[in-house]
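Student: I am new to this structure and would like to go through parts of it step by step. Could we look at the sequence and the model together before I ask anything?

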Amino acid sequence: MTDPIYKTDALIAQDIDAYLETHQHKTMLRFITCGSVDDGKSTLIGRLLYDSKMIFEDQLAALEADSKRVGTQGQEIDFALLVDGLAAEREQGITIDVAYRFFATEKRKFIVADTPGHEQYTRNMVTGASTADLAVILIDARKGVLTQTRRHSYLVNLLGIKNIVLAVNKMDLVGYDQKVFDQIVADYTTFAQSIGIERFTAMPISGFKGDNITAPSANTPWYTGPSLLPYLEEVEVDATTDQEKPFRLPVQWVNRPNLDFRGFAGMIASGAVRPGDEVRVLPSGKTSTVARIVALEGDRDVAVAGESVTITLADEIDCSRGQVIVAAKAPLEVADQFEASIVWMDEHEMVPGRAYWLKIGTQTVSASIAQPKYEVNVNTQEHLAAKTLDLNSIGVANITTDREIPFAPYAESRDLGGFILIDKMTNATVAAGIIHFSLRRASNIHWQATDITREHHASMKHQKPAVVWLTGLSGSGKSTIGNALEKKLARMNRHTFLLDGDNVRHGLNKDLGFTEADRVENVRRVGEVAKLMTDAGLIVITAFISPFRSERDMVRGMMQPGEFVEVFVDTPLSVAEERDVKGLYAKARSGQLKNFTGIDSPYEAPESPEIRIDTTALTADEAADAIIARLIP
């Protein structure tokens, strides 16, 4: 006779397997809570976790103890503490960082992002909204529609979230007054229509008391709509939409475990793929057919959007991380210039013309932003003139990448139309953006091939082209060294040209001032001219303060490998100021000259220059000889 204990264990195992099987096939809803400060977002999520029985006994005991110690609800449970985990959040009673929580009901699984309401943390809200299918926008019934409510609603709409719940919270504090609810809904409707939100579902709730959270509340007999949790369980999120679109697979990794296998791994962004399908690799445009679809459980007959797989191709074609494999008959557009909406997320303002890393899908490229076309006033939808964007500003600008990339407008694909910008020096994420469309000139302007190559130009001059980039403080001796260097090279029958910082401002850059943005554009233009001169086979000598590392690196990236020679003319500020041949330091010290490098504008010294010149130890001629020794071994 079988021991009853083993029967029990077997039944338990069956129950677990049945539960896991059911749980695995539940649909997933990702949603965010957003709104203004202290609208009750964290409390609402805590209530949802509590009512869905997702809190263990020890967690509940800790919550009760924390509520008495640092809670804001007297002796009652402060549900916000379930989500606000940072010490600073608990001390101030606010949300600072995005908090993600998982919970599940009998009908559906959920991942909710609790996003901060303070304007200074708008960037955190964008992070949470970027993957959401639905947004719960909370409004404090006592305060009505506020600036941050408008800001978050604008961002929700901008990021393409179509399912919106307007949760008028803290109805208990206004006596469950229907007139208050109706007025808030009317005010929000007017605003929502002005920004293009076509529909939303409004609910009167109390996250603290639990009204209309899991079931209809007796306190709002005048409300006949759905309660929040049942609505979240039933709302339709069309998971098949992406599967019906053309096939796109951003390549995340080239899988080469041995000589006989070469696969391309990634998550399918849209569409479906089967062995035998004809595909195209972008941006190269090379075509092949799918040989195999490999997944963890073995080969597959089909894979669809949202699944991570490895595919192999019938032909050996060049394909690497960042490229996109697409349906051959429905390729993506490829371009290097775009119009985009940008949400600036860094405390340092955007610098037009500066090179940033742009990450879109699995590819990372260098990109520069033009001066914004306009900044958006979120409250009025007015388009404001702007020279730059600062923290939490939202604007529209043109972006140029250093090479063509495959993309889709954000309205068609979040994965291939949304991007982030990363500061090259700090590696901080400074902005998030969405692509509207490619610029017409990007597809209408093509590189004209010529028969006389840059190699031919160089061979005619019997020299190797180069850019000698002299950088340093004003008065460090850059122009003097540059002039001495060109004279010595001329005596050696070398073909050269000297671009001096002051001289180019008489013509090419006469329209530029000395703001950070203008300095960036000054260097960019000089870099483009220097590049053309190296194409002509010249040795180009430049003498510019060029105070920012990122712009010097941008020019280095324009040149062929080994052709950019950075020379740091290292002169202490005190020595440069003593020389002050042009009297500029005196003017800067007296306040007559603004944005002067070394005084009220920073100079970022090169970290690894090819040559360092100490002008307190070397004469101009000796410095020129040192450069020639490096330039012409």
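Student: At what angle do the axes of helix H6 and helix H7 cross?

Tutor: This is a predicted model, in which local features need pLDDT of at least 70 and side-chain atom pairs count only at pLDDT 80 or more, while totals for chains, interfaces and linings use all residues. Residues are numbered from 1 along each chain as its sequence is written, and side-chain values use heavy atoms, with hydrogens and water left out. Helices (H or I, at least four residues) and strands (E, at least two) are DSSP runs numbered from the N terminus, and axes are lines fitted to C-alpha atoms, for helices over the stretch in contact, with angles from 0 to 180 degrees between N-to-C directions. The axes of H6 (residues 147-158) and H7 (residues 178-195) come within 10 Å, and they cross at roughly 40°.

Student: Which residues of H7 meet H6?

Tutor: Contact means heavy atoms within 4.5 Å. On the H6 side, Thr 149, Arg 150, Ser 153, Tyr 154 and Asn 157 take part, and their counterparts in H7 are Tyr 188, Phe 191 and Ile 195.

Student: Why is helix H2 described as largely enclosed by the rest of the structure?

Tutor: Buried means under 20% relative accessible area, whereas exposed means over 50% and partly exposed lies in between (1.4 Å probe, protein chains only). The buried residues of H2 (residues 41-51) include Lys 41, Gly 46 and Arg 47, and among the elements covering the buried residues are strand E1 (27-35) and helix H8 (228-234). H2 is largely enclosed because the buried residues number nine of the eleven.

Student: Which strands stand at the edges of the open sheet of five strands?

Tutor: Two strands pair if DSSP finds at least two bridges between them. The order in this sheet is E26-E27-E25-E28-E29, with parallel pairing. Each edge strand has a single partner strand, so one side of it is left without a neighbour in the sheet, and these strands are E26 (496-500) and E29 (611-614).

Student: What is the bridge partner of Val 569 in E29?

Tutor: Strand E28 (residues 564-570) runs parallel to E29 and is joined to it by four bridges. In E29, the partner of Val 569 is Ile 613.

Student: Is Leu 631 buried or exposed?

Tutor: Leu 631 lies in helix H18 (residues 620-631), and it touches Ala 466, Val 468, Leu 489, Ile 539 and Val 565, not counting residues up to four places away in sequence. Its relative accessibility is 18%, so Leu 631 counts as buried.
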